[in-house]
Each structure stands twice: as C-alpha cells, then as structure tokens.
Amino acid sequence: MNMGFTSKTAAALAACAMLTAWAGPCSAQGQAGEHWEYEASPYLWAAGLDGATRVGDLSVESDHSFSDLVDKIDFGLTGAFEARKGRWGILFDAIYIKLSDDVASPRGTVDVEAVQQMYMLGGAWRALEGPAPVDLIAGLRFNYLKPTLGLGGVERGQSKDALDPYIGVRGHYPLDPGWNLVGYLDVGTFDGSDYAWQLLVGASYAWRPDRSIKFGYRQLKTKYSGERIELDTTMQGLYIGVGFRF
C-alpha cells in the first residue's frame with residue numbers, strides 16, 4: 001500500500017489518540033471543604049494533529065486540522081469526574097472514539113476503522129492553600145488503540161495498549177466572582193510509551209453555584225512505540241465543557 005491513502009489512514013489512527021486525556025478540564029473551583037464535593041464535566045476537545053504514524057508497513061507524516069478529522073468520527077464520548085474532600089481529591093477521565101473511512105488506493109478501496117479508548121485515574125493533594133491553590137497530581141493513564149484495514153474481503157487489524165503512570169501539577173487563580181483561571185501540566189512514561197506530556201491553560205465561569213462552563217487550550221505530545229505500531233504526534237486545540245457540581 002502506498003502513501004496516497006496512508007495519510008487518511010494515519011489521520012484516522014491518530015485522531016483516535018487525539019483527545020487522550022486528562023484531569024485539567026474537570027478542575028474543581030474554589031477552596032476545598034471538609035465534606036465530599038463532586039463535579040461531572042462532559043467536554044469536547046477540538047484538536048488537530050501534527051506528527052508521524054506507523055502501522056505495520058504503512059507510515060506517513062500528517063498535518064490535519066480538527067475540521068479534517070471531525071467528519072470521520074462515527075461515535076465519540078468524553079467526560080471527566082472529580083471528587084474532593086479537604087486537601088485530597090480523586091480524578092477520573094474517560095474517552096471513547098470510533099472513526100471510519102473509505103480510502104481509494106491503486107489496489108482498490110480500503111475500509112479503515114479505528115477505535116481508541118483512554119482512561120485516567122489519579123489522586124490530587126492540595127499542596128498550597130489560599131487564594132491561588134495548587135494541586136499535586138499522580139495517577140495511571142491507560143490507552144487502547146485498535147486499527148483495522150479491509151481490502152478485497154481481507155481484513156488486517158492490530159491493537160496496542162499502554163499503561164503509563166504520570167505526575168502533574170494544577171493551579172487555580174480566581175478572578176472576579178464566578179471566574180477562575182486554571183493551568184495544568186503532566187508528564188508520564190512506562191509500558192510501551194517512550195514519553196507523554198500535556199499542557200492546558202484555560203478558564204471557567206460559574207453562572208450559578210452548581211454550574212460552570214470551561215474553555216481553553218490544550219496540547220498533548222505522545223510517543224508510543226511497539227512491534228507494529230508507532231505514534232509520534234502532537235495534538236493541540238481548543239476545548240469546551242460544562243461542569244455540574246453536587
């Protein structure tokens with residue numbers, strides 16, 4: 001198979017890794033209390049892709065905006081959850097996305113399907129109290145990627161999973177009533193992952209005590225290597241979500 005259709009293949013595969021996730025957009029606001037507080041945050045990350053992808057003997061360098069990828073998404077579900085009591089917190093983030101495309105090649109039309117699942121579970125400790133609190137974060141990030149290529153009734157599929165511990169820091173800076181700035185950075189490496197790090201800067205606005213809107217910019221750099229799959233990509237773009245506190 002040649003480079004003429006691997007660019008779309010790579011875009012579909014890397015778009016599966018795109019949204020790979022993170023505790024930043026589900027940040028709880030304000031001072032931590034002495035009882036459990038919860039926040040659920042569905043969100044969308046409108047990320048583009050820049051980097052290189054290899055699956056078996058197919059490899060390509062890609063540069064795709066979010067608009068190039070969005071029409072290939074069959075189904076996507078993203079959401080985050082945070083529980084906090086006092087100086088301690090529990091963070092969870094989950095992503096499921098499925099993409100498909102029919103790509104023309106000299107050998108015929110290739111059916112491309114790719115599935116990505118990502119789960120992050122971490123703990124947070126409020127290292128700095130006060131008007132601009134800072135949290136230290138540590139946890140595990142699990143990624144599962146499965147691309148499938150079909151040509152002439154024959155399918156070729158390959159899966160890749162990696163379990164990575166990560167550490168991070170998150171800071172808040174309250175502004176006028178209801179407004180809050182947030183910054184987030186994490187880095188991790190372990191099973192099958194050469195390295196992965198992500199950066200987020202954003203803001204949130206609580207128009208009522210139990211509702212807020214979150215938006216900002218996020219960048220994720222990931223390098224995974226395996227026997228038949230390699231990803232060296234940078235995902236970056238704007239995100240937006242809604243927080244429900246209870």
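Author: We begin with the aromatic rings. This is a predicted model, and in it Trp-36, Tyr-38, Phe-81 and Phe-246 make up one aromatic cluster.

Reader: How many aromatic pairs does the structure hold?

Author: There are 7 aromatic pairs. In the pair of Trp-36 and Tyr-38, the ring centres are 6.4 Å apart and the planes stand at 15 degrees, so this pair is stacked.

Reader: What describes a pair of aromatic rings?

Author: Two values describe such a pair: the distance of the centres and the angle of the planes. For the angle, under 30 degrees counts as stacked and over 60 as edge-to-face. Trp-179 and Phe-215 form an edge-to-face pair, with 6.2 Å from centre to centre and 85 degrees between the planes. This pair links distant parts of the chain, since Trp-179 is in strand β9 and Phe-215 in strand β11, 36 residues apart.

Reader: Which residues form a nonpolar patch on the surface?

Author: Trp-179 and Phe-215 belong to it, together with Leu-44, Tyr-173, Leu-175, Leu-181 and Ile-240. Together they have about 640 Å² of accessible area. Ile-240 sits in strand β12 and counts as partly exposed because its relative accessibility is 43%.

Reader: And away from the surface, which residues of the largest nonpolar core touch the most other members?

Author: They are Trp-45, Ile-137 and Tyr-184, in a core of 17 residues. The elements that each give two or more residues to this core are β1, β4, β5, β9 and β12. Over the whole protein of 246 residues, 48% count as buried.

Reader: How many helices and strands does the protein have?

Author: It has 2 helices and 12 strands.

Reader: What part of the contacts is between residues 24 or more positions apart?

Author: Such residues account for 64% of the contacts with a separation of 6 or more.

Methods. Residues are numbered from 1 along each chain as its sequence is written. This is a predicted model: local features need pLDDT of at least 70, side-chain atom pairs count only at pLDDT 80 or more; totals for chains, interfaces and linings use all residues. Side-chain values use heavy atoms; hydrogens and water are left out. Helices (H or I, at least four residues) and strands (E, at least two) are DSSP runs, numbered from the N terminus. Buried means under 20% relative accessible area, exposed over 50%, partly exposed in between (1.4 Å probe, protein chains only). Contact means heavy atoms within 4.5 Å. A nonpolar core is a set of buried Ala, Val, Leu, Ile, Met, Phe, Trp, Tyr and Cys residues joined through side-chain atoms within 4.5 Å. Patches are made of residues with over 30% relative accessible area and no salt bridge: like charges are joined within 9 Å, nonpolar side chains (Val, Leu, Ile, Met, Phe, Trp, Tyr) within 5 Å. Accessible areas come from the Shrake-Rupley method with a 1.4 Å probe; for residues, only the protein chains shown count as cover. A salt bridge is a side-chain nitrogen of Lys or Arg within 4 Å of a carboxyl oxygen of Asp or Glu. Rings of Phe, Tyr and Trp (its six-membered ring) pair if their centres lie within 6.5 Å; planes under 30 degrees apart count as stacked, over 60 as edge-to-face and the rest as tilted.
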